[in-house]
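Welcome, and please have a look at the structure shown here. The notes after it walk through a few local features.

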Amino acid sequence: MKKLLLVAFGALFCLLLRAQTVADEIRQNVLCTASNYMAYPGPTQLMLTPSPDGMEPFYISHYGRHGSRYHSKPSMYNQPYQTLAKADSLGKLTPLGREVMLRLDRIRHDADGRWGELTPLGAMQHRDIARRMIERFPEVFVGPADIDARSTTVGRCILSMEYALMEMLTLNPLLNIHHNATHRDAEAFNYQDKDMMALRFNKPAKKWYKDYEHQCANFDHLMQTLFTDTAYVNRHVDVIELGRELFLLAAIIQNTELRDQVTLYDIFTFDEAYNTWKMGNAYWYIGWGAADVNGAVQPYSQRKLLRRLIDDADKIVGQPKRRVQLRFGHESVLLPLLCLIDVNGLGLTTQDLNQLEPNGWVNYRIVPMASNLQFIFYRHSEQDSADDVLFKVLLNENEATLPLPTDQAPYYKWSDFRSYCLKKLEAYEEK
């Protein structure tokens with residue numbers, strides 16, 4: 001009875017969460033508009049569905065994005081500051097405009113020399129994720145369990161891996177840990193398909209996005225509050241570009257130690273914040289989702305990673321040892337992988353960008369900082385065959401769905417998922 005109540009509670013929670021609109025969430029927490037720059041919120045599902053009867057976890061396969069970071073380019077900090085500083089030198093800023101300029105100066109000095117680096121908050125996010133992984137699935141981490149951790153060669157990813165391993169070793173000093181960051185692994189963990197990248201924003205895709213941007217972008221109110229001279233703005237300021245630059249800085253602050261000291265969100269109206277988020281969400285969908293306008297093939301950019309996940313699991317499923325495989329990379333890899341697998345319906349193909357929100361294609365729920373995908377594998381005993389193994393998917397530590405039949409949701413047969421993925425990959429490669 002208790003188990004049924006837990007399952008029912010989880011299902012009700014998911015329904016309530018999906019019933020809340022993006023606009024509702026943004027009104028409650030404007031930080032959501034940061035899109036992929038949103039600081040990792042932690043799992044919203046605090047109570048997971050109990051293990052299938054008589055089964056326990058024995059293997060975890062993971063791909064995670066690095067934790068919170070600074071913006072990767074100094075220009076992202078300097079350009080909006082320089083735009084306001086030039087206007088200030090000509091007496092064209094309002095008192096609020098000058099105050100915002102001073103805030104920007106503080107923000108850019110905090111980031112100086114740290115571009116793209118992991119922040120202390122990013123380190124804590126990965127320690128917390130690792131701790132919860134052990135707390136939720138202690139059976140996998142008993143004694144000298146094998147932990148194989150690999151990262152791309154990017155510093156913030158390596159550090160994210162090391163902080164996660166540090167937490168695991170603190171909780172269990174007996175763990176047998178192997179960790180590495182090589183260019184060979186990066187071929188799978190951060191694969192960039194040049195042909196697909198060229199197709200990503202082809203001429204029709206660019207037009208589709210620009211048309212949508214034209215519908216959404218309106219920073220007239222923002223410009224009026226920052227500048228005293230409309231004619232100056234019309235002649236010398238790229239309004240959409242400046243609005244976007246300021247918004248990206250507003251977004252990144254939550255990931256730094258300035259998050260409780262400085263804000264820029266107060267200079268935007270709700271409509272400005274919401275519509276700017278919509279533009280970012282559409283941009284990520286067109287570039288990395290299954291958008292029809294560029295062939296709906298961008299998710300297949302991560303076909304090598306999906307094959308790697310399957311191959312790694314094949315080597316472990318059916319073996320007596322318990323094992324954890326951790327992989328650390330980037331959201332530009334994780335997002336198309338999720339779309340390729342069609343986790344939570346993210347494989348959505350649509351010709352209407354206004355259909356993204358009602359279908360749950362919402363970037364801050366999918367790839368915030370430290371976002372992660374976890375496959376949790378279950379068996380009755382070490383003698384179980386691959387056909388007996390069940391697994392479930394966690395997206396950002398919340399139970400997720402797959403486009404597969406099951407009578408034990410959120411659990412699926414590994415063999416069904418394996419067959420589904422391989423057929424999908426083979427069909428694509430035959431084309």
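Predicted model: local features only at pLDDT ≥ 70, side-chain atom pairs only at ≥ 80, totals over all residues.

Cysteine 216 is in no disulfide: the nearest cysteine sulfur, that of cysteine 32, is 18 Å away, whereas a disulfide needs a pair of cysteine sulfur atoms within 2.5 Å.

Are these cysteines buried or exposed? Cysteine 32 counts as buried because its relative accessibility is 6%. Cysteine 216 counts as buried too, because its relative accessibility is 5%; the cut-off for buried is under 20%.

Helix H5 runs over residues 120-136.

Buried residues in H5 include Leu121, Gly122, Ala123, Gln125, His126 and Arg127. Further along, Ile129, Ala130, Arg132, Met133 and Ile134 are buried as well. What do the buried residues of H5 pack against? Their partners are strand E1 (56-65), helix H6 (155-171), strand E4 (323-329) and strand E5 (372-379).

## H5 against H6

The axes of H5 and H6 come within 8 Å of each other, crossing at roughly 40°. That angle makes H5 oblique to H6, and the crossing is right-handed.

On the H5 side, the residues that meet H6 are Ala123, His126, Arg127, Ala130, Arg131, Met133 and Ile134. Their counterparts in H6 are Ser160, Tyr163, Ala164, Met166, Glu167, Met168, Thr170 and Leu171.

Technical notes
Residues numbered from 1 in each chain as written. Heavy atoms only, no water. Buried < 20%, exposed > 50% of the residue type's maximum accessible area, 1.4 Å probe, protein only. Helix = DSSP H or I, 4+ residues; strand = E, 2+ residues; numbered from the N terminus. Expected span 1.5 Å × (residues − 1). Contact = heavy atoms within 4.5 Å. Axes fitted to C-alpha atoms, helices over the stretch in contact; angles between N-to-C directions. Parallel < 35°, antiparallel > 145°, perpendicular 65-115°, else oblique. Left-handed = near helix turned anticlockwise from the far one by under 90°.
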